[in-house]
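This report walks through one protein model, sheet by sheet and helix by helix. Please keep the sequence and the 3D view open while reading.

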Amino acid sequence: MLASLQDAVGRRNAILQAIAHGAAAMVALPDWRAGIDDLLGRLGVAAGVSRVYLFEVHEVAGQGLAQTCRHDWAAPGLAPLVGDPRNTDEKLVGADPTLTNWTERRRRGELIQGLTRDLSGFLREDFEYQRILSFVSVPILVDGVWWGHLGFDDCESERVWSELELDVLKTAAALIAGAVERSRAAGVLRTSEALKSAMLDTALDCVITIDDGGRVVEFNRAAERTFGWRRETVIGLSLAEVIVPPEMRGPHEAGLGRYLASGETRVLGSRIEVEGMRSDGSRMPLELAITEVPTAEGRFFTAYLRDITERRQARARLERMAYFDAVTGLPNRAQLLKRVAERQAASGSPWIVAVELMRFGSLKTGLGTAFADTLLCALTARLADCLDGGAVLARTGDRQLAILGTGKGAEETARRLDQALYDSFHLDGRTVFMTASCGVAAGEAEPEALLRNAELACERAVEAGGGTCLYDETMHAAQLDRLSLETDLRRAIDDGDQIWVAYQPIVALPDGRLAGFEALVRWDHPTRGRVPPGIFIPIAEVTGLIVPLGRLVLNRACHQMVRWTAMRGQGAEPLFMSINLSARQLGDRDLLDTVAEALAESGVDPAQVKLELTETAAMSHAGETIGLLWQLKALGLRLSIDDFGTGYSSLSYLHRFPVDSLKVDREPGHGPDHRRSRPSAEAGGHRRRNRNGGGREAAVRHGLRLRPGLPVQRAAAAAGGGRLDHRARKCRAGDIADLINRRWAFARQGERRHPASTFRPRCRRRPSAEADLR
């Protein structure tokens, strides 16, 4: 937009210069028509059009009002209009409706512009014949009566004229009108004044003309309004004393003298920005363009000036929007990086403390953006008060801040921030406590890298639950490795070959009957080898990849359940497949459709599929989760809550959830509502055979209580050697086939057993218990 405005201003100035030359020529010539062709040519070049023409209206006997092209200028390759029968004695009223309408509008002094493709009838045919694409015509009124019009045709493009350009075209028309009046009145002086007045008084910009002595000889109305001087007051005064600030008067006069003596100029013919002074001594920014007008009376210089105060203010507003936060007024990320670069250039040793405001996002969601903005302003004001004078506080994200300092004191600054947030905030009748995590980085890294390092350290502090963390190089390497792993995981999920499902056998106590399996996802990376679930599952959760990953596991587990069910003997109790759901999957709008499609495509009995979700996932959005669980339950599935007791719910809340079983992660009595928890936790279920702490489950039947190191004795009929815990490991589907119809025996606590046949968990975690609620 600024570029197009500048182009329009440039064309306007060029047209004004052409008008100035034309005015001087017409004044010098006894007949204005002798100089009109030169004027039209200058206007055509300055305006960048294909043709400029002058039509005069007159009466034709027996026909009425008509028009004839008297003068024209055309670009090379275009036929002239003068002498063309189509443009000689052209009837204006009755020949074409559009032309009749234009005639009435021109009588009223209205400017006409448009595109040929928008015309019709005879007028369109005539314009297309002349290869006109767009046009504008300015009526010429002499003594208030329509005399003719000045036209501009563009045969190269469909041009839209700006208001600035149209204003100067009106000035050109006024110039010709003045010339006609001069011819009629035969008064050269009077005509000259009329032409000059028409040009200057209609100009939007200040037009000031000085002689070679620097004295003002012309001062138009726009200049009067802009500078606060009356024309009659400044005529004959030195321009330097009128509008030039005192400290610039010497250079101004020296520049004029240098140009007059040698022709050397630094401003003539170019557009520059300068500072001007009003009559009251106040100052303003100006855009200045100067042209020389040689005449028989001497050398004159015309300055075109425009007050660009609003433009400067708009530029300052845009710069502030680009470099400062709109809510707090603090420097934003881009401005902070500029400050870092400045301090590094000044041979400083900058450091950055990155700050993550904990729970700010949830406060914003719960209490609204307006309250969050008020809180943020109060918080940053408090933090700014505790900083040293040279420190810079910036807002680098929605809930991220950063402090830039130099020298030492980064850790001390982090400590002050923590202390500043200790007291609560009292806003709009609410009391709010805020906490923050900090990351500190220093060194000679590039500004962006230094800020990134501080933010990496801050992320590490957030993951650790808060506090302050100092950056070291391993963090960046770990971040890059994590990003690489994320990319590889996306490809692995799309490809599917690297991802496989391990199946954990679940055995009923105490008869050793195989009850089912738990499906557990595994990833064999082509170069890294087996990637632990504790590494890639959190990445999948954060990035949302857990949704397609969970879909893949669900589909494979359902198909596998169908194959194993077919391998069971006649009359065997059906097995079940336990599949985990994450909180992110529960938030997936397509989860219900995904599960239904997996059941339908695999053909598995829905009663053989158990979906497990953690207590935390179930309770995080309990209202929405309950509705979804009932919809899943309607498909015929079994539902289970895993690790019950690790969150904040109680058994008294469970009647709202359509779950079939719980997996209690603690000994009864350690969770909320423990008195009601104990009987349910000790009521029958299954024990999963697993050496690792994350997969152990047991059910208590017939008075058998769970204890760490509960002995499990391998049945004598079991084939093969080795300890039972080898068999209990999570296996690929192909390794499960010989276990489908096997039965194991479990010894009660205190019974004799051979050490080699004992399964004793290696993890110190308490074993969990699954309580059947059906």
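How many of the 10 residues of strand S1 are buried? The count is 9 of 10, in a strand that spans residues 51–60. Buried means under 20% relative accessible area, exposed means over 50%, and partly exposed is in between (1.4 Å probe, protein chains only).

This is a predicted model, in which local features need pLDDT of at least 70, side-chain atom pairs count only at pLDDT 80 or more, and totals for chains, interfaces and linings use all residues. Residues are numbered from 1 along each chain as its sequence is written, and side-chain values use heavy atoms, with hydrogens and water left out.

**Overview**

The protein has 25 helices and 28 strands. Helices (H or I, at least four residues) and strands (E, at least two) are DSSP runs, numbered from the N terminus. Buried residues make up 49% of the 774 residues. Take the contacts between residues at least 6 apart in sequence: 63% of them join residues at least 24 apart. Contact means heavy atoms within 4.5 Å.

**Strand S1 and its partners**

S1 pairs with S2 (residues 64–74) through 10 bridges, and the two run antiparallel. Two strands pair if DSSP finds at least two bridges between them. S1 also runs antiparallel to S6 (residues 145–154), joined by 6 bridges. The hairpin of S1 and S2 has 3 residues between the strands, and there glycine 62 takes a positive phi near 75°. S2 in turn pairs with S3 (residues 90–91) in the antiparallel sense, over 2 bridges.

| Residue | Opposite residue | Strand of the opposite residue |
|---|---|---|
| Glutamate 59 | Leucine 65 | S2 |
| Valine 60 | Glycine 64 | S2 |
| Glutamine 67 | Glutamate 90 | S3 |

**An antiparallel sheet**

Five strands form an open sheet in the order S8-S7-S11-S10-S9, with antiparallel pairing. S8 (216–219) and S9 (271–277) are the edge strands; each has a single partner strand, so one side of each has no neighbour in the sheet. From one strand to the next, the twist averages 35°. Inside the sheet, S7 (residues 206–211) and S11 (residues 298–307) pair over 6 bridges. There, isoleucine 208 has alanine 303 of S11 as its bridge partner.

Helix H10 (residues 246–262) packs on this sheet and touches S9, S10 (283–295) and S11. Its direction makes about 140° with that of S11. Helix H11 lies across S9, S10 and S11, at about 135° to S10. Axes are lines fitted to C-alpha atoms, for helices over the stretch in contact, and angles run from 0 to 180 degrees between N-to-C directions.

**Threonine 328**

Where does threonine 328 lie? It is in the loop between helix H11 (309–323) and helix H12 (333–345). Threonine 328 counts as buried because its relative accessibility is 18%. Its side chain makes a polar contact of 2.7 Å with the side chain of aspartate 325. A polar contact is a pair of N or O atoms within 3.5 Å; within protein, one must be able to donate a hydrogen and the other to accept it, and residues adjacent in sequence count only if both atoms are side-chain atoms. A polar atom of the threonine 328 side chain also lies 3.2 Å from the backbone nitrogen of leucine 330. Leaving out residues up to four places away in sequence, threonine 328 touches Leu376, Cys377, Thr380 and Arg395.

**A mixed sheet**

Another open sheet of 5 strands has the order S13-S14-S12-S17-S18, with mixed pairing. S13 (392–395) and S18 (467–470) stand at its edges with a single partner strand each, so one side of each is left without a neighbour in the sheet. Neighbouring strands are turned by 20° against each other on average, direction ignored. S12 (residues 350–358) and S14 (residues 400–406) run antiparallel, joined by 7 bridges. Tryptophan 351 stands opposite glycine 405 in S14. Helix H14 (residues 369–385) packs on the sheet and touches S12, S13 and S14. The direction of H14 makes about 160° with that of S13.
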